[in-house]
Amino acid sequence: MSDEIWSAVDEYITDGLVGHDEFLEGALERSAAAGLPAISVSAPQGKLLSLLARAMGARRILEIGTLGGYSTIWLARALPRGGRVVTLELEEKHAAVARDNLRRAGFARRVEIRLGPALETLDALIAESVKPFDFVFIDADKPRIPDYYDRALHLTHSGSVIIVDNVVRDGKLADASSDDPNVQGVRKLHELLAHDPRVSATTIQTVGSKGYDGFTLALVT
Ligand code: SAH
Ligand code: DHB
Ligand code: MG
């Protein structure tokens with residue numbers, strides 16, 4: 001088993017079930033041209049996010065970690081009329097690329113990019129008492145995942161879903177002795193989830209064009 005076959009299968013799935021379109025593929029091309037890292041979700045993962053959000057009828061979606069807006073477009077496509085995505089990004093350069101990509105895809109008005117350190121923005125959203133979000137996608141700096149999860153719980157309601165990307169990291173999730181702050185972040189998340197009566201959660205390992213990784217899905221109960 002290798003990354004090569006995982007990528008070939010992702011291509012097969014994308015060609016057959018996900019499809020190709022100029023807005024998503026153009027978003028990746030413009031992100032690469034601007035020098036952004038190639039760490040967006042894969043096409044099958046993006047479609048999964050979109051299908052989950054649609055299946056639960058999410059009207060308000062919060063994303064932490066915009067990059068070039070690739071996953072944001074997938075999430076915005078799940079919105080019903082009148083729905084909204086709020087996406088948080090630290091880097092002005094990333095936000096500028098995302099703004100352009102979202103405008104081209106027709107989401108200039110339905111997606112709000114909030115620039116700045118996500119933890120500060122989340123605390124500001126809590127202080128503003130914004131309407132709760134139905135769906136949260138956490139995909140920014142991994143050491144702060146436990147803080148983002150904590151804030152997400154303040155910004156959601158019973159029935160909301162919280163997805164956290166990149167929690168398995170080549171299996172390092174199971175390494176209790178790791179001193180990597182990324183690994184400590186995802187392990188702390190699992191400890192919090194395990195003892196939190198407000199949520200029911202699982203983690204799914206994945207392979208594909210992004211390598212061996214996985215995501216956590218938590219339902220706010
Ligand atoms: N969700 C995107 C990928 C996000 S990559 C997609 O799948 O298409 C992670 C992003 O989080 C990067 O753009 C990075 O700049 C941003 N980020 C890192 N630390 C952050 C912080 N403290 N606050 C907000 N964004 C942060
Ligand atoms: C990294 C971040 C991501 O969100 C991702 O999906 C893959 C890699 C990273 O920071 O290396
Ligand atoms: Mg990610």
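In these legends, Asp, Glu, Lys and Arg count as charged, while Ala, Val, Leu, Ile, Met, Phe, Trp, Tyr, Cys and Pro count as nonpolar, and the others, Gly among them, count as polar. The structure shown in every view is a predicted model.

Figure 1. The reader may locate ligand 1 within the largest pocket, where it sits.

**Figure 2. Polar atoms facing ligand 1.** At D139, by contrast, the polar atom belongs to the side chain, and it lies 2.9 Å from a nitrogen atom of ligand 1. On its own, ligand 1 has 590 Å² of accessible area, and the protein covers 91% of that area.

Figure 3. Around ligand 2 are the residues I39, D139, K142, D165, N166, R169 and K210. Which classes make up this shell? Five of its residues are charged, one is polar and one is nonpolar. Ligand 2, too, sits in the largest pocket.

**Figure 4. Side chains facing the oxygen atoms of ligand 2.** A polar atom in the side chain of D139 lies 2.7 Å from an oxygen atom of ligand 2. The side chain of N166 has an N or O atom at 2.8 Å from an oxygen atom of this ligand. For K142, an N or O atom of the side chain is 3.2 Å from an oxygen atom of ligand 2. How much of the accessible area of ligand 2 does the protein cover? Ligand 2 has 290 Å² on its own, and the protein covers 68% of it.

**Figure 5. The largest pocket and its lining.** This pocket has a volume of about 650 Å³. Its lining is made of 34 residues, and those closest to its centre are I39, D139, A140, D141 and K142. Helices α4 (70-77) and α6 (118-127) each supply at least two residues of the lining, as do strands β2 (84-89) and β7 (211-220). The largest share, three residues, comes from β7. Sorted by class, the lining holds 14 nonpolar, ten polar and ten charged residues.

**Figure 6. The second largest pocket.** The space in this pocket amounts to about 460 Å³. Which residues lie nearest its centre? Of the 26 residues that line the pocket, they are L28, V41, S42, A43 and Y70. At least two lining residues come from each of the helices α1 (3-18), α2 (22-33), α3 (43-55) and α4. Helix α4 also supplies at least two residues of the lining of the largest pocket. The lining of the second largest pocket divides into twelve nonpolar, eight polar and six charged residues.

Figure 7. How many cavities of 30 Å³ or more does a search of the whole structure find? The search finds one. The largest cavity has a volume of about 40 Å³. Its lining is formed by Q45, D165, N166, T206, K210, D213 and G214.

Definitions and conventions:
Residues numbered from 1 in each chain as written. Chains lettered and ligands numbered in written order. Predicted model: local features only at pLDDT ≥ 70, side-chain atom pairs only at ≥ 80, totals over all residues. Heavy atoms only, no water. Polar contact = N/O pair within 3.5 Å; in protein donor to acceptor, adjacent residues only side chain to side chain. Areas by Shrake-Rupley, 256 points an atom, 1.4 Å probe, with all protein chains shown as cover. 1 Å grid on protein atoms, 1.4 Å probe; cavity = no way out; pocket = protein on both sides within 12 Å on 5 of 7 lines; lining within 4 Å. Sits in = over half its atoms within 2 Å of the grid points. Points joined across faces, edges and corners; volume = space filled by probe spheres on them. Helix = DSSP H or I, 4+ residues; strand = E, 2+ residues; numbered from the N terminus. Near = heavy atom within 4 Å.
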